[in-house]
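Let's take a walk through a protein model, one piece at a time. Have the sequence and the 3D view ready before you read on.

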Amino acid sequence: MRSIVTASLLALSMTVAGLAQAEPVKIGVITTLSGGGAGLGVDTRDALVLAFKKAGNKDVELVIEDDAQKPELAVQIAEKMIQSDKVDLMTGIIWSNLAMAVVPNTVAQDVIYLSPNAGPSALAGANCHKNYFNVAYQNDNFHEAMGQYANQDYKKTFILAPNYPAGKDSLTGFKRYYKGELAGELYTQVGQTDYAAEIAQIRASGADSVFFFLPGGMGIAFMKQYAQSGVGLPVLGPSFSFSQDVLPAVGDAALGVKNSASWSKDLDNEANKEFVEAFQAEYGRLPSIYAAQSWDTANLILSALAKASVKDKDAFRAALKEADFKSVRGEFTFNTNQHPIQNIYVREVVKEGDVLTNKIIGTAFEKHGDAYVEQCKM
């Protein structure tokens, strides 16, 4: 079933000081609010809502709907938002297969889409579009960082990811920088919860380490089963598998795991401190990377609204490209394909009191772009 939440229902009708013109702006938010991936979408929604609330915006209306992690439903919602709700902008999609189902048709209808998470390679290269801005990353990026990091200690890594666009980008990114031997390479089912067969293959592979990308409930299931198996090989992954939204469910099995991200709650900049404090005060929990990316997406939109009317597409796109906002990630700029240039960090899962979280232990890349930008002809 679809779930429709508007900004008015969330008591979010507030005004942004400095709007270029005091005009209504309607933003369609399609995200995952039910099923195994709901935690990712909830953090995305909550950060977006809070950012506009903190800005005090009465002219922005959020139309929020649950895609239930189903591409066909996401397509239906997008068409309704464009044709019936007459949204000015769209955002919110978590999963790359849903993004590939929705984004090309959305931008072709001259609606600007800002991605707070999914960054499929197909939209970064030859199929880039003037109406598509990725505020998070290109899918390969975090995995490239772990491939680079793995070279320090490991010679024979077993790698696995789900069989969908982000999973394929993940392993492609890891292999782009990893110089060692692969003990094995597997693609699992999206939404899979039983990993006994995969763990048995890892055990028999002769690997000295395991790299996996399994976001949301998939990662929780894998890590619990892996810990119980006693295989004991060091585990590496992107932040999605060790994000704040999944760590409580994974438990102490995650302690010490190294993972990569463009953000961490301990990044030392004022915007990040304000974000972490505001999110924790509002919701009683620490934010995840999904929340951080969504917060930046909202503030990018606000920065552009302060300079241009959303009805003037050329001016508004130009304002977005400037990225004139204080990112929780620190320095943030757009590459020519409208994907981020940013630092990628290595984090370690630690315990602060009774709370599992991440801390930065190093920098994998500085001002890192993506491998597909040269294919983009904008």
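Start at Ala-261, which stands opposite Tyr-345 in strand S13. Before going further, a word on the ground rules: this is a predicted model, so local features need pLDDT of at least 70, side-chain atom pairs count only at pLDDT 80 or more, and totals for chains, interfaces and linings use all residues. Residues are numbered from 1 along each chain as its sequence is written, and side-chain values use heavy atoms, with hydrogens and water left out.

**Strands around S13**

Helices (H or I, at least four residues) and strands (E, at least two) are DSSP runs, numbered from the N terminus. Two strands pair if DSSP finds at least two bridges between them. Strand S13 covers residues 340-352, and strand S11 (residues 258-261) pairs with S13 in the antiparallel sense over four bridges.

S13 has other partners too. With S12, the pairing is antiparallel over two bridges, and here Phe-334 has Pro-340 in S13 as its bridge partner. S12 and S13 make a hairpin with five residues between them, and in the turn Gln-338 has a positive phi of about 60 degrees.

With strand S14 (residues 355-368), S13 pairs in the antiparallel sense over ten bridges. Look for Val-350, whose bridge partner in S14 is Thr-357. This hairpin has two residues between the strands, and Gly-353 takes a positive phi near 70 degrees. While you look at these strands, keep one general point in mind: in a regular strand the side chains alternate between the two faces of the sheet.

**Salt bridges**

How many salt bridges does the structure hold? There are 20 salt bridges, where the term means a side-chain nitrogen of Lys or Arg within 4 Å of a carboxyl oxygen of Asp or Glu. Here are some of them:

| Pair | N to O distance |
|---|---|
| Glu-185 and Lys-175 | 2.9 Å |
| Glu-322 and Lys-307 | 2.4 Å |
| Lys-307 and Asp-324 | 2.9 Å |

Take the salt bridge of Glu-185 and Lys-175. Glu-185 sits in strand S8 (residues 181-188) and Lys-175 in helix H5 (residues 165-177), so the pair ties together parts that are ten residues apart in sequence. How open are these two? Glu-185 is partly exposed at 33%, and Lys-175 is partly exposed at 35%.

Next comes the salt bridge between Glu-322 and Lys-307. This pair links distant parts of the chain, with Glu-322 in helix H11 (residues 313-322) and Lys-307 in the loop between helix H10 (289-305) and H11, 15 residues apart. Glu-322 is partly exposed, at 49% relative accessible area, and Lys-307 is partly exposed as well, at 40%.

Lys-307 also meets Asp-324 in a salt bridge. Asp-324 is in the loop between H11 and strand S12 (333-334), 17 residues from Lys-307. Asp-324 is partly exposed, with a relative accessible area of 47%.

There's also a network of salt bridges that links Asp-43, Arg-45, Asp-46 and Arg-285.

Is Thr-32 buried or exposed? Thr-32 is buried, with a relative accessible area of 0%, and you'll find it in the loop between strand S2 (25-31) and helix H1 (38-55). Trp-95 is buried too, at 2%, and its place is in the loop between strand S4 (89-91) and helix H3 (96-108).

The side chains of Thr-32 and Trp-95 make a polar contact of 3.2 Å. A polar contact is a pair of N or O atoms within 3.5 Å; within protein, one must be able to donate a hydrogen and the other to accept it, and residues adjacent in sequence count only if both atoms are side-chain atoms.

**Helix H10**

H10 has 17 residues and reaches 24 Å from its first C-alpha to its last, close to the 24 Å expected at 1.5 Å a residue; that expected span is 1.5 Å times one less than the number of residues. Of those 17 residues, 16 are buried, so H10 is largely enclosed by the rest of the structure. At its start, a side-chain oxygen of Ser-288 reaches to within 3.2 Å of the backbone nitrogen of Tyr-290.

Notes
Buried < 20%, exposed > 50% of the residue type's maximum accessible area, 1.4 Å probe, protein only.
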